Amino acid sequence: MDQYIGRLLDGRYEILEVIGTGGMAVVYKARCHRLNRLVAIKILKDEFARDEEFRRRFRAEGEAVAMLSHPNIVQVYDVSTSDSANFIVMELIDGISLKEYMEKKGVLNWKETLHFSLQIAKGLEHAHSRGIIHRDIKPHNIMVLKNGSVKVMDFGIARVMNKSNTLTKEALGSVHYISPEQAKGGHTDNRSDLYSLGVVMYEMMAGRPPYDGESAVSVAIQHINGGAPAPSVYNPNIPKGLEQIIMKAMALEARDRYVSATEMLQDMEEFRKNPAIVFDYHTLLDDATRKLPNAGIPMTTAEKKVRSRTGEHPVSQPAPQRRTGTAARSVTSQQDSEIVSRVQQRHREEQKKKEKERSRVATTAIVICSAVAVFAIIVFLIALFSGALLDQEKDTVEVPYLTGGLYSQALVEANPDFNIRLLPQQYNDSHPKDEIIAQEPVGGSKVQRGSDIWITVSMGPEPEVRTLDNFVGADAEEAYKLLESQGFKPLKKREASYVYGEGIVTRTDPAADSEVTAGQTIYIYVSTGPEVVEVPMPNVIGLELTRAKELMNQLGFTNVRYEPTESSRPENEVVYQSVAKNETVDVSAEVIVQYSSGGVETAPESGGQAGEPDATVPPFSVSWVVPESDEEYRLDVCLGGTKDVLFSKLIPPGAKTVLLDLSGSGVVYYDLYINGEFAETKTVDFTPKKAESGT
């Protein structure tokens, strides 16, 4: 049996069952007794819990996802690291993974693919806006709920983006969905997640990933080399526009992909509105398609070697013709020799005539071709200057000189003949913020009206990187003023805390010791004190003391005072609670529970139990206030903590009180039921000189 099943972590999370196992952790279904809800708890495996590096990454996962709050991202409730267990508490998802969904349905139609992809991209957009990249986007980490919505989960190798964010030994993630830069151990950013999303979309439409192989290494190499076939090769029904979105997201070079999830979402929305759309993507680089030289003509082994060494094709040389020798016959006579000489001479003359004829034909052909070419050039020039080709020139405009100017909306509006497009911004010490560093096409060139102009805008000098101080435990107002004086933009957020008092900093985002830059927004989380959790008060009267304590602990009560009192009830039986049953109460408020010490004995001749006529204590009348009703109802009086009816009484319409004759000894509790439904608990003290009714 699993060591955690049945355990209570942090005094509130009861582990119920295993629901999943990963490489680093095991996920359990659990119940939070404080909030009375089911949750999922990811507990780090013991073999990794002993490794500080794994524990660091595990904590980083919880801290990273705790910063996020989005309907398409699994919510994290709590993070705990201790010697007994390292775990993260998350919302419990009722659904299956996208991988399981794809295995059941096979190839998805484009509407389902777009429906899921839009939600994944929205979740990534939120994470990227908080500086978090997932780095392990795959169908296994995407949950499909019963209502058709999806949630991105398992930020196990996510990390906060900064300028030194490169992959080393942490180059994890499933190899079928890994980006080329991750496979090479290079720099990763939000575009790496968009590449993986493109691969997931590819698999949804094609029914298989773009690359596959016998080993993880071979698949990674394919990602690095690129060249995946278009998904339409496997599924001809995929719309052209959706295929373009997938292939742009999967571009080999990160600079050729979407700049952000927001930009990718814009194209998805355009396609959703018009499924027949065909995008006109522009890139400053050559098209990825490469023409194969000597197509259809196999290369020799020597040519292949030359190609591999120099990258060029060798120029084939004509093979030397073999000379054919003719055995000379011996001529026995001078006449025969002369005949042979004349024949040879005649043969040479005929050969010369043929060569002259071929030369004349070639010369004639050259003259004719030259004449045709000259004629074509003359016709073209005449047409050009006569205006036949000027119709096309009428719609050409000169590209403005934008380099060195400042980018603004006014600049865009001032150039209505062009579509101003932005490349990723860059820090530059030589150019101030918003200055245009470069443009393509260059200023002064002629292009068609409505063409794209791609510009690169400076973000100014790169801010100085500093280390954020630790403000946890400090006064929030003082921390705010200090951060403001250091050139940051502090922003307060409130959260409950059982550790820090009201007005004290519980944490910052980014966390202490993180690398930050001047002008960056720093979120200060300020304690509002312990979280107020209210639950209905249970009825513990009549329960044995140990069982009553267990029930109060399970419901999260933290301030219960248990007091013994003399009573005729059995020893350790609860006879009193300071909060009435079903009354809403804060679990941190003080609750008094009294239990019988067994110090009072009932006279043996009475023969009855409390609430019944007693021979030693005369009965006396008790007046109780009861709910007023327009109709007659039945009032059942039961001994406290039981449902044993001592007696019943019909209450007439409009009655406000009821008069009962009761007898007993000590303090006795009665439960009142109206038409079988619990109403309230009454207390009567039969002690001599103190006998009176209680409410």
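Which residues are linked with Arg-561 in a network of salt bridges? Glu-563 and Glu-590. A salt bridge here means a side-chain nitrogen of Lys or Arg within 4 Å of a carboxyl oxygen of Asp or Glu.

Before I go on, a word on the model. It is predicted, so to speak of a local feature we need pLDDT of at least 70, and side-chain atom pairs count only at pLDDT 80 or more, while totals for chains, interfaces and linings use all residues. Residues are numbered from 1 along each chain as its sequence is written, and side-chain values use heavy atoms, with hydrogens and water left out.

Now the overview. The protein chain has 15 helices and 33 strands. Those are DSSP runs, numbered from the N terminus: helices are H or I with at least four residues, strands are E with at least two. Of the 695 residues, 37% count as buried. Buried is under 20% relative accessible area, exposed is over 50%, and partly exposed is in between, with a 1.4 Å probe and protein chains only. The chain exposes about 39900 Å², and carbon and sulfur atoms supply 51% of that. Areas come from the Shrake-Rupley method with a 1.4 Å probe; for residues, only the protein chains shown count as cover.

Next, the inside. In soluble globular proteins, nonpolar side chains tend to be buried together. Here, the largest nonpolar core has 68 residues. By nonpolar core I mean a set of buried Ala, Val, Leu, Ile, Met, Phe, Trp, Tyr and Cys residues joined through side-chain atoms within 4.5 Å. Leu-98, Met-201, Met-264 and Met-268 have the most contacts inside this core. Helix α6, residues 190–206, gives the most to it, with 10 residues. Take Met-201. Leaving aside neighbours within four places in sequence, Met-201 is in contact (heavy atoms within 4.5 Å) with Thr-113, Ser-117, Leu-242, Ile-245, Ile-246, Met-264 and Met-268. There is also a second, separate core of 18 residues, which includes Trp-624, Tyr-633, Ile-651 and Phe-686.

What about cysteines? The whole structure has zero disulfides, a disulfide being a pair of cysteine sulfur atoms within 2.5 Å. Cys-32 counts as buried, at 1% relative accessibility. Cys-638 is buried too, at 2%.

Back to charges. How many salt bridges does the structure hold? The total is 19.

One is Asp-94 with Lys-146, closest N and O atoms 3.3 Å apart. Asp-94 sits in the loop between β6 and β7, and Lys-146 in the loop between β9 and β10, so the pair ties together parts that are 52 residues apart in sequence. Lys-146 is exposed, at 70% relative accessibility.

Another is Glu-477 with Lys-492, at 2.3 Å between the closest N and O atoms. Helix α14 holds Glu-477 and strand β18 holds Lys-492, so this pair ties together parts 15 residues apart. Both count as partly exposed: Glu-477 at 42%, Lys-492 at 34%.

Then Glu-495 and Arg-507, 3.2 Å from N to O. Glu-495 is in strand β18 and Arg-507 in strand β19, 12 residues apart. Glu-495 is partly exposed at 21%, and so is Arg-507 at 28%.

Last stop, Asn-539. This residue lies in the loop between β22 and α15. The Asn-539 side chain reaches the backbone nitrogen of Ile-541 at 3.3 Å. Beyond neighbours within four places in sequence, Asn-539 is in contact with Gln-577, Lys-581, Gly-641 and Asp-671.

Definitions and conventions:
A polar contact is a pair of N or O atoms within 3.5 Å; within protein, one must be able to donate a hydrogen and the other to accept it, and residues adjacent in sequence count only if both atoms are side-chain atoms.
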